[in-house]
Amino acid sequence: METKQQALADIHVEDYRAQYRGKEVTASDMLFTGVRERESLDGLWHYAVDPYDTCLREHWYRTEKRLSAQGFTLPQDYSYDEWPVMALPCCWNTQQDRLFWYESSVIFTRRFRYLPKKEGERVFLRVGAANYTLRVFLNGRFIGSHTGGSTPAFFELTGNLETDNRILLTVDASRRPEQVPTDHTDWFNYGGIYRELELFRVPRVFLRDLFVRLEPGSRERIMITARLSEAAEGEGLFSLPELGIRETLRFHAGEATAAVPASPELWSPETPKLYELSCSFGEDEVRDRVGFRQIEVRGREILLNGKRLFLRGVSLHEESLEHGKAVTEEECREAILEAKALGCNFMRLAHYPHTEKMALLADELGMLLWEEIPVYWAICFDRPDTYAEAENQLRELILRDRDRASVVLWSVGNENADTDGRFRFMKSLAEEARRLDGTRLLTAACMVSADNVIADRLAEVLDVIGLNEYYGWYSPDFRQLSELFQNSRPSKPVIVSEFGADALWGHHGTIDDKGTLECQEEVYRRQTLELGKIPYVRGMTPWILYDFRCPRRTHILQGYFNRKGLVTADRQHRKPAWYVLREFYEKKREEE
Ligand code: GCB
């Protein structure tokens, strides 16, 4: 068709997104990355802001030059190599003032060279995270798409690569009610490709997955499950030299499992012992550093390696003032060390999967973690596609992090009204999490019922009840806090997954003045006093370590920040409540 006519036809395709459906990559497309050789595609990419999705409507990615039927070049609306550049990964909001509030589509493109190294090699692109819908185009062809703003996406490029390649990515950060999370959250909707872009070369048959852990209920056997990319037969090798393990893995229909006698030194926050291991099949080899520990619930207690444990925690968003969600390794380390200084052995990574660097660092530094998916507030619980999206995010998170000893709890959501639809939705998520990983505890941050009881029906499918309560803040009457515990008889351990109060750094007043440092300090004093008395409260993760950006918070004391941090957003000032919590945690540690 003549280009002008084609352009006119494109203008009138209302559902232009339909042509990009059917090539979604999911958890099933992941490959085990552990320690594998990779080539980085991070760095400068050309970009254009594309709020009308013209690239997708008019298929810009197909051609560099637009030619008429007679072979003349025609005017076109893009010039990739003259677009400005942005260094990926990043959140575009922090790159330019004019992009700060932008929540729609951006196009990124660059060239790269590819020279095959081995006959028959396969090549995969891994995008660590892109918020929210990512589409990948290579050399004029649509490769695939991924939805979900916080988990990795894998695209196979094999067969579409040339020596000189043009890659183009579109990222759409629009909030939509049917997505996970929905369009209404209490955090900032950062856009961009904000975790690493990497290429992996693997042989035709490769190790897609490797799960290594202590056998539940035993401390003398290590379980290994490995899965290949194909339903192949053959032998592989698992080795863990420090424990003298060299185990042949026998693959049938692409799967191998083994249980190997071993007595590893157990991992704990105090002794974060990690072991180097490797696994190979044919020409493929992967390596990792793994800790071994056991987490379980007995009655209303939580036990780590058979010992009673109180989870001295704090909640955290993935954010820094400078980088938004594209937090650096130093910023992750700083957050963990800040929690340690506070006396914590536990952190709640709220409300979506944080970078895998957090779990890797927590493994190394000794910090227990709660990891969560963004089933937050009023999700479309009765919509099957929304469920599929939530389940896929859960699977991508578990497959990414289930070799990390630091992760002890999977959370399937936060503060959702106790309806039948929600119960079905979250029960299925809990079942899926157990199917993928029988070695961790399941939780969700539940709400207190209207009659002030711990009564969420979801508790029956969880191991640990997470509970958000804001006595002294949203519910000012503190007496209700002790009433809540008098009214409740949970049969499982409870972690108070949130309490807190806003306090603006430098703002002083009486304990009754909302927003003052004194008011927040008093809330922490009274909360810790009360919670410390309740035997089945086996942990807490007050809200929150750092103040964070939040478009919903327009009060003069907030200035588009949620100010419930114990530390200011610039990470420079510890508020008085920080010291109250530290004192409480010190006492708790001595009691253990
Ligand atoms: C909550 C939410 C959290 C909010 C917090 C608040 O219950 O789980 O995302 O930021 O309260 O500050 O209101």
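This is a predicted model: local features need pLDDT of at least 70, side-chain atom pairs count only at pLDDT 80 or more; totals for chains, interfaces and linings use all residues.
**Exercise 1. Cis peptide bonds**

Which residue does a cis peptide bond join to Trp 543, and where is His 351 placed?

*Solution.* 
- Step 1. Trp 543 is joined to Ile 544 by a cis peptide bond, with omega about 20 degrees.
- Step 2. Ile 544 lies in the loop between β30 (537–540) and β31 (548–549).
- Step 3. The bond from Ala 350 to His 351 is also cis. Its omega is near -15 degrees.
- Step 4. His 351 falls in the loop between β24 (346–349) and α4.

**Exercise 2. Helix α4 and its partner**

Describe the packing of α3 against α4, then decide how far α4 is enclosed.

*Solution.* 
- Step 1. Take the geometry. Helix α3 (residues 329–341) packs on helix α4 (residues 356–365) at about 45 degrees, and the axes are 10 Å apart.
- Step 2. Name the arrangement. Helices α3 and α4 are therefore oblique to each other, and their crossing is right-handed.
- Step 3. List the contact. From α3 come Glu 329, Cys 332, Arg 333, Ile 336, Leu 337 and Lys 340. They meet Lys 357, Met 358, Leu 361, Ala 362, Glu 364 and Leu 365 of α4.
- Step 4. Sort by class. This contact of α3 with α4 holds 7 nonpolar and 5 charged residues, and no polar ones.
- Step 5. Check burial. In α4, 8 of the 10 residues are buried, so the helix is largely enclosed by the rest of the structure. Among them are Glu 356, Lys 357 and Asp 363.
- Step 6. Look at both ends. At the start of α4, a side-chain oxygen of Thr 355 comes within 3.0 Å of the backbone nitrogen of Lys 357. After α4 comes Gly 366, with a positive phi near 85 degrees.

**Exercise 3. Two further helix pairs**

What is the angle between α5 and α6, and what is it between α7 and α8?

*Solution.* 
- Step 1. Helix α5 (residues 384–401) and helix α6 (residues 420–436) pack at about 25 degrees, with axes 10 Å apart. That makes α5 roughly parallel to α6.
- Step 2. The crossing of α5 and α6 is right-handed.
- Step 3. Contact residues in α5 include Tyr 387, Leu 394 and Ile 398, while those in α6 include Phe 425, Leu 429 and Leu 436. By class, the contact of α5 with α6 has 9 nonpolar, 2 polar and 3 charged residues.
- Step 4. Helix α7 (residues 479–487) meets helix α8 (residues 517–531) at about 20 degrees, with axes 10 Å apart. That makes α7 roughly parallel to α8.
- Step 5. The crossing of α7 and α8 is right-handed. Leu 481, Ser 482 and Phe 485 of α7 meet Gln 527, Glu 530 and Leu 531 of α8. The contact of α7 with α8 has 3 nonpolar, 2 polar and 1 charged.

Key: Residues are numbered from 1 along each chain as its sequence is written. Side-chain values use heavy atoms; hydrogens and water are left out. Axes are lines fitted to C-alpha atoms, for helices over the stretch in contact, and angles run from 0 to 180 degrees between N-to-C directions. Helices (H or I, at least four residues) and strands (E, at least two) are DSSP runs, numbered from the N terminus. Angles under 35 degrees count as roughly parallel, over 145 as roughly antiparallel, 65 to 115 as roughly perpendicular and the rest as oblique. A crossing is left-handed if the near helix is turned anticlockwise from the far one by less than a right angle, and right-handed if clockwise. Contact means heavy atoms within 4.5 Å. Ala, Val, Leu, Ile, Met, Phe, Trp, Tyr, Cys and Pro count as nonpolar, Asp, Glu, Lys and Arg as charged, and the others, Gly among them, as polar. Buried means under 20% relative accessible area, exposed over 50%, partly exposed in between (1.4 Å probe, protein chains only). A polar contact is a pair of N or O atoms within 3.5 Å; within protein, one must be able to donate a hydrogen and the other to accept it, and residues adjacent in sequence count only if both atoms are side-chain atoms.
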